[in-house]
Structures are given as structure tokens and as C-alpha cells.
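Lead sentences come first, followed by points grouped by topic.

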Amino acid sequence: MHARYSGELGLRAPRCCVSIGSSYGLLWYDVDFLSFPLAVTGMPTALITGITGQDGSYLAEHLLAKGYRVCGIVRRSSTTPYERIAHLIDDIELFSADLLDQTSLVDAVDAVKPDEIYNLAAQSFVQTSWTQPVLTGEFTALGVTRALEAMRKAAPKARFYQASSSEQFGKVVETPQSENTPFYPRSPYGVAKVYGHWITVNYRESFDLYAVSGILFNHESPRRGLEFVTRKISDGVARIKHGLATELRLGNLDARRDWGFAGDYVDAMWRMLQSDTPDDYVIGTGSTFSVQEFCAAAFGAVDLEWRDYVKQDERFFRPAEVDLLVADPTKAKTQLGWTPTVTFEELVRRMVEADMDRWAQRRG
Ligand code: NAP
Ligand code: GDD
């Protein structure tokens with residue numbers, strides 16, 4: 001197998017080898033910066049930072065289905081973090097760059113010449129932002145400025161999407177939360193996202209760039225990282241059901257979130273960039289459930305009672321909690337025609353089923 005091309009014809013740039021983990025073992029893909037430029041075929045070109053993440057993988061699929069040329073930025077790693085995009089590897093183009101490195105971002109944007117840039121890369125785990133607050137600020141806050149600068153210098157006519165977050169509402173000052181709700185972040189991650197949000201607005205107003213923020217509420221899938229509570233629960237349920245664990249240790253069970261399906265949310269990102277006028281939108285379902293209710297639904301999906309297995313553990317409590325999030329997605333519905341398609345119950349069922357299958361396969 002061979003990853004298709006990367007870069008402009010004739011551009012002198014380093015070659016980059018990318019290793020991909022898959023169910024077939026370790027494969028090596030040679031990302032050749034000197035191959036044929038797909039951009040000349042007239043398809044719109046998208047550049048995705050964070051393409052190896054949950055949202056990046058769904059967005060890549062979504063844009064490929066629409067006929068886009070899809071390029072992604074990956075950071076150098078000695079291991080194989082590309083499992084979410086292994087199935088797309090023949091259809092996408094990967095460029096080596098890092099949110100911490102301005103030059104690499106400018107070079108990547110200059111090589112790709114994108115029509116649309118989706119800035120999804122971040123240190124995205126809230127809990128880690130208390131133990132690595134400076135790094136979180138570098139990635140999640142200043143990384144946005146670096147990405148915007150790269151676009152301003154190398155592709156100023158492109159359209160820019162920033163992955164803002166409902167964590168910006170934090171200790172909410174009103175419910176539900178809309179585009180007009182003031183921010184009150186409760187973690188270094190939330191603070192960094194507020195910076196990323198406002199620098200995007202500022203570049204739009206200062207430099208007349210097409211730059212928008214999507215304030216997305218929690219969205220999940222079988223591809224969610226195992227550290228996030230929904231996937232931790234679905235994985236825990238599957239391990240208990242398969243006899244591989246006897247309990248699941250969690251923190252605050254009372255926190256409430258507006259959980260949707262990630263596949264729906266990448267469609268909202270795309271719709272934002274198709275609008276004639278750049279603007280910011282809240283994206284969520286408008287329903288809220290507690291961690292405890294997620295547990296009940298997930299254990300219930302395999303006929304188990306959650307109270308028999310879930311134990312509370314101080315280690316998973318946070319120094320400052322976001323107690324309640326619920327979106328008012330009216331603006332996205334009316335102006336973008338966006339609506340979520342997957343219910344809470346269906347989302348939980350899909351996640352538990354996927355982890356049940358995964359553990360069944362692992363056990364042979
Ligand atoms: P994720 O699964 O944690 O993916 C994060 C991505 O960022 C990965 O591809 C990661 O690459 C990349 N990345 C991290 N640091 C980087 C760096 N220094 N340089 C280049 N790439 C780097 O996150 P997600 O759930 O897909 O979320 C996507 C974005 O939406 C994030 O900005 C997140 O904060 C935001 N968001 C998410 C939600 C949600 O509920 N999922 C809600 C609101 C906002 P590696 O694979 O190399 O680690
Ligand atoms: N991770 C985790 N692990 N969370 C737990 C646990 C546990 O064992 N027990 C309870 N929780 C609670 C957390 O305290 C929090 O209130 C809630 O479950 C959700 O936690 P996460 O799944 O880690 O997500 P998050 O809401 O903090 O952040 C996610 O959503 C944001 C959008 O609102 C991330 O995807 C962020 O990147 C995103 O911006």
C-alpha cells in the first residue's frame with residue numbers, strides 16, 4: 001500500500017515516512033512530497049490539523065465523500081498513533097508539522113494551498129490540563145494563533161474553522177448555553193479554548209480573514225479516546241461483561257453533559273465553512289444527561305446493573321468541575337440547517353456494541 005502524494009509539483013521539500021498501526025500489524029507509508037498535485041483536478045482542498053484524532057478521522061471521511069482532496073497534519077512520533085485513519089490512508093495526504101512549530105505550519109499550508117483549514121489539533125483532555133497547564137496553553141491556545149498566522153501568510157483566501165468548546169461556558173451563567181452566553185472557563189483547557197476562540201474572532205476582524213469558531217458540546221463515538229468518561233464506561237462495561245474486570249472506577253457521577261455523535265458534528269463544521277458570511281455557532285443536541293445516567297444506559301445495554309460495578313474514586317475528581325452543559329443549537333438549526341441524527345440511547349448502544357466486539361476479537 002502506498003499513501004498518495006503530498007505537495008505541489010516541483011516543490012522541493014523533505015520526504016516524510018509515516019508508520020501506520022492496523023489490524024494487520026505495522027505498515028510503513030512513504031509520504032512523498034514530490035508527487036502529482038491533486039489540486040489541479042479542481043476538487044476543493046481541505047487541510048485538517050488533528051486528523052489522527054476522533055473528529056479528524058470522521059471529518060476526513062465526510063470530506064472525502066464530498067469529493068474533497070483531503071490533507072492532514074501529523075506530528076512526528078516514534079510510535080504509531082494513526083489507527084483512526086488507517087482505513088483512509090490511500091485517499092488522504094499527510095504532512096509533518098506541529099502546532100508548536102510556526103515554520104512547519106506555514107510550510108504545510110504553503111504546500112497544500114487549501115481552500116478550507118480545519119484546526120482540530122489540541123491537547124483535548126481536560127483533566128490533563130491541570131497537570132500540564134503550560135503545554136495545554138502552548139497547544140490549545142497559542143497553537144491557534146500559529147495556525148491562523150500560517151493561513152494569513154500562505155493562504156489568506158482560505159476559510160478557517162476553529163474547534164472551540166462548550167468547556168468555555170464552564171461555570172455556566174445561563175442555561176441552555178447559546179452564542180450569546182458569556183464564558184466562565186473552569187480549567188486550564190477551558191481558559192486556553194477561550195483564547196483560541198477570541199484570537200479567531202480577532203483575526204477575522206483585524207485581517208478580514210474568513211475564520212469561524214464552532215462551539216461544540218461533547219461528542220462521542222466508538223473512536224473516542226479511552227480516557228474520556230463515555231468511552232471509559234463503554235470499554236469498562238465490555239470488559240466486565242467479558243469477565244476481564246470486576247469494577248469500574250469513576251469520579252463525579254453527577255456532572256451533566258450534552259452528548260452527541262461525532263459524525264454529526266463534523267457535518268456542522270463543514271456547513272459553517274460553506275456559509276457566505278463567517279460566523280460562530282453553538283453545536284449540541286439540546287438534551288443533557290448525567291454521568292450516572294450514561295452508566296445506567298451503558299450497563300443496561302448488556303443487561304447489567306451499573307450500581308453493582310461502579311465505584312467512586314477520588315483520583316478522578318477534578319479541582320474545579322463543570323456541573324452542567326446543555327446547548328441551545330437554534331442558530332445552527334435555522335441558519336445552517338444542521339440537526340443531530342443520533343439519539344443519546346443510540347450513541348450509548350453503538351459505543352458499547354463496538355467495545356463488546358473489540359474485546360471479543362481480542363480474546364479470539
Ligand atoms: P482528540 O481525539 O484528542 O484529537 C486531538 C488531535 O490533536 C490528535 O490528532 C492529536 O495528534 C493532535 N495534536 C495534539 N497536539 C498536537 C500538536 N502539538 N501538533 C499537531 N497535532 C497535535 O480530540 P477530538 O475529540 O477529535 O477533538 C478535536 C478538537 O475539538 C480538539 O481541539 C478538541 O479540543 C475540540 N473539541 C472536542 C470536543 C469533543 O467532545 N470531542 C468538543 C469540543 C471541542 P496525535 O494523534 O499525534 O496525538
Ligand atoms: N474523563 C473522566 N474520567 N471523566 C469523569 C470520570 C472519569 O473517570 N468520572 C466522572 N467524570 C466526569 C468529569 O468530571 C466531567 O464532568 C465529565 O465526566 C465528562 O468528562 P470527559 O469525558 O473527560 O469530558 P469533558 O466534558 O471534560 O471534556 C470533553 O468535552 C469538551 C466539550 O465540552 C473533551 O472532549 C474536551 O476536549 C471538549 O472540549
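The model is predicted: local features need pLDDT of at least 70 and side-chain atom pairs count only at pLDDT 80 or more, while totals for chains, interfaces and linings use all residues. Residues are numbered from 1 along each chain as its sequence is written, and chains are lettered from A and ligands numbered from 1 in the order in which they are written.

**Overall make-up**
- The chain has 10 helices and 15 strands, where helices (H or I, at least four residues) and strands (E, at least two) are DSSP runs numbered from the N terminus.
- Of the 364 residues in the chain, 47% are buried. A residue is buried if 20 or more other C-beta atoms lie within 10 Å of its own, exposed if 12 or fewer, and partly exposed in between, with C-beta atoms placed from the backbone.
- Among contacts between residues at least 6 apart in sequence, 78% join residues at least 24 apart; a contact means that the two C-beta atoms, placed from the backbone, lie within 7 Å.

**Ligand 2**
- The shell around ligand 2 holds 24 residues, of which S165, V229, G251, A255 and F316 come nearest. A residue is near a molecule or strand if its C-beta atom, placed from the backbone, lies within 6 Å of it.
- Helix α6 (residues 229–241) gives the most to this shell, with three residues.
- By class, the shell around ligand 2 has 10 nonpolar, eight polar and six charged residues. Ala, Val, Leu, Ile, Met, Phe, Trp, Tyr, Cys and Pro count as nonpolar, Asp, Glu, Lys and Arg as charged, and the others, Gly among them, as polar.

**Ligand 1**
- Ligand 1 is surrounded by 26 residues, and the closest are G50, G53, D55, A122 and A163.
- Two or more residues of this shell come from each of α1 (54–65) and β7 (159–165), and α1 gives the most, with three.
- The shell around ligand 1 divides into 10 nonpolar, 13 polar and three charged residues.

**Core and strands**
- The largest nonpolar core has 97 residues, and those with the most contacts inside it include F160, M151 and I283. Such a core is a set of buried Ala, Val, Leu, Ile, Met, Phe, Trp, Tyr and Cys residues joined through C-beta atoms within 7 Å.
- Both domain 1 and domain 2 give residues to this core, so the core lies between them.
- Not counting residues up to four places away in sequence, F160 touches I117, N119, L148, M151, L209, Y210 and A211.
- Strands β7 and β8 pair in the parallel sense over seven bridges, pairing being defined as at least two bridges found by DSSP.
- A163 has G214 in β8 as its bridge partner.
- In β8 (residues 210–216), seven of seven residues are buried.

**Backbone details**
- Most residues other than glycine have a negative phi, and most peptide bonds are trans.
- The peptide bond from T175 to P176 is cis, with omega near -5°.
- D208, in the loop between α5 and β8, has a positive phi of about 60°.
- D303 also has a positive phi of about 60°, and D303 counts as exposed because it has 7 C-beta neighbours inside 10 Å.

Notes:
Domains from an automatic or database assignment.
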